[in-house]
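Have the viewer open as you read.

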Amino acid sequence: MVRGGGLRVGRLFGINIHIDWSWLFILLLVTWNLAAVFGQFHPDWGGGLQWGLALIAALLFFGSVLAHELAHSLVAKARGVPVRSITLFLFGGVSNIQREPETPQGEFLMAIVGPLTSLVVGGLLLLLAGAIAGPIGSAMTQPGNVIGQLSPLTTMVFWLGSINVVLGIFNLTPAFPLDGGRVLRSILWAATDSLRRATRWASWIGQGIAWLMILGGIAMMFGVTIPFFGTGLIGGVWLAFIGWFLSNAASQSYRQVVINDMLEDVPVMRLMRRDPPTCSPDVTVSTMVQECIVGSDDYGFPVVDRAGVLVGMVTLQDVRGLARHDWETTLVQQIMTPSDKLIVVHPREDASEALNQLLQRDIRQLPVMEDGHMVGMVRRRDIIRWLQLSSQEGQREREWPVG
């Protein structure tokens, strides 16, 4: 699955690794569940061994989830698609791939490599568990008895292998935006030569599967046994929750493709403000508030020196972070973000790229630079307003065809 954010914990192959706070919840849940499972099959183990092994197994599982996402990301980078980060969160992991692949072949390779990685890792771990345990004749007929005879190490390896195989198979489900749904979209894209149409069809299929999961989860809550998922309140709530998440993700992914399609070949210069209000780095914050902020609906202001060179950006958040009694003695240059730390765009760059930058970094405006000079400011609200007007115009054209 593709997306990103969270607390940075490291960097691999030039990709930032993040952990979302929801990951801590799922880590505790997996650990608790594993400790109960290990206790069921190995009642002779002490509580410390059960919980310790469960925690190690849970951490190694998320290590395999990270390997799954790294496979997506490395293939994306090899095909020239930027990858900003990988985030582990409530539902596993997500790669923050900066843009859609340019071809159906690229989409297929980027999508399929994740599940294949999980299946290969799972298969190797199961082979390792079998080699450690030796020949077990009753493995298929009496799996519970077999697991109860395994050592702690073999039990953990066996579980990790099994869960990676399940992870790989689950991600091959053709429910967009799961990997299987992206594989399906790549096939539809190749057949229709339209990413937007392929995404719409894959999104419909994904939402259909998601609603089946929601209905199945509700049925499980009322005691119905669903093949593979079983029955019960907790399992039903979890399945319905996953279905709800997939349904929202599918519709959001389609909207994103529609937006990118509408903004394709629309240059930033068409939507930017050419003469945005600016402020000087040498004035006090109090003066800046009176001269720039009061009477303006802007959230951020370029800071320009006397030579007209952009030296930074100051926002309302910067001002709010400063105590009111310090406004008279603090200069703008002391609270601004320096120009070398700003994200900027080119006037001929696609507006879709600018919007992606604004949304991914959760900022409201970007300086537009050309040949080292600021030529304007593009704001998130201006792009959204243009999209609204364009969609309304398109709706009128569909309702009142010309000619």
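## Contacts and overall build

Among contacts in the protein chain (heavy atoms within 4.5 Å) between residues at least 6 apart in sequence, 64% join residues at least 24 apart. Keep in mind that this is a predicted model, where local features need pLDDT of at least 70, side-chain atom pairs count only at pLDDT 80 or more, and totals for chains, interfaces and linings use all residues. Residues are numbered from 1 along each chain as its sequence is written, and side-chain values use heavy atoms, with hydrogens and water left out.

The chain carries 14 helices and nine strands; these are DSSP runs, with helices being H or I of at least four residues and strands E of at least two, numbered from the N terminus. Its C-alpha trace spans about 85 × 65 × 45 Å along the principal axes. Of the 403 residues, 45% are buried (buried means under 20% relative accessible area, exposed over 50%, partly exposed in between, using a 1.4 Å probe and protein chains only).

Trp-211, Leu-215, Ile-218, Met-221, Phe-222, Leu-233, Ile-234 and Val-237 make a nonpolar surface patch of about 870 Å². Patches here take residues with over 30% relative accessible area and no salt bridge, joining nonpolar side chains (Val, Leu, Ile, Met, Phe, Trp, Tyr) within 5 Å and like charges within 9 Å. Areas come from the Shrake-Rupley method with a 1.4 Å probe, and for residues only the protein chains shown count as cover.

Helices α7 (195-221) and α8 (233-263) each supply at least two of the patch residues, with α7 giving the largest share, four residues. Trp-211 sits in α7 and counts as partly exposed because its relative accessibility is 48%.

## Salt bridges

The whole structure has 10 salt bridges, each a side-chain nitrogen of Lys or Arg within 4 Å of a carboxyl oxygen of Asp or Glu. One of them pairs Arg-273 with Asp-298 at 2.7 Å, N to O. Those two are 25 residues apart, with Arg-273 in the loop between α9 (268-271) and α10 (285-293) and Asp-298 in the loop between α10 and β5 (300-304). Arg-273 is partly exposed at 26%, while Asp-298 is buried at 6%.

Arg-273, Asp-297, Asp-298, Arg-379, Arg-381, Asp-382 and Arg-385 are linked in a network of salt bridges.
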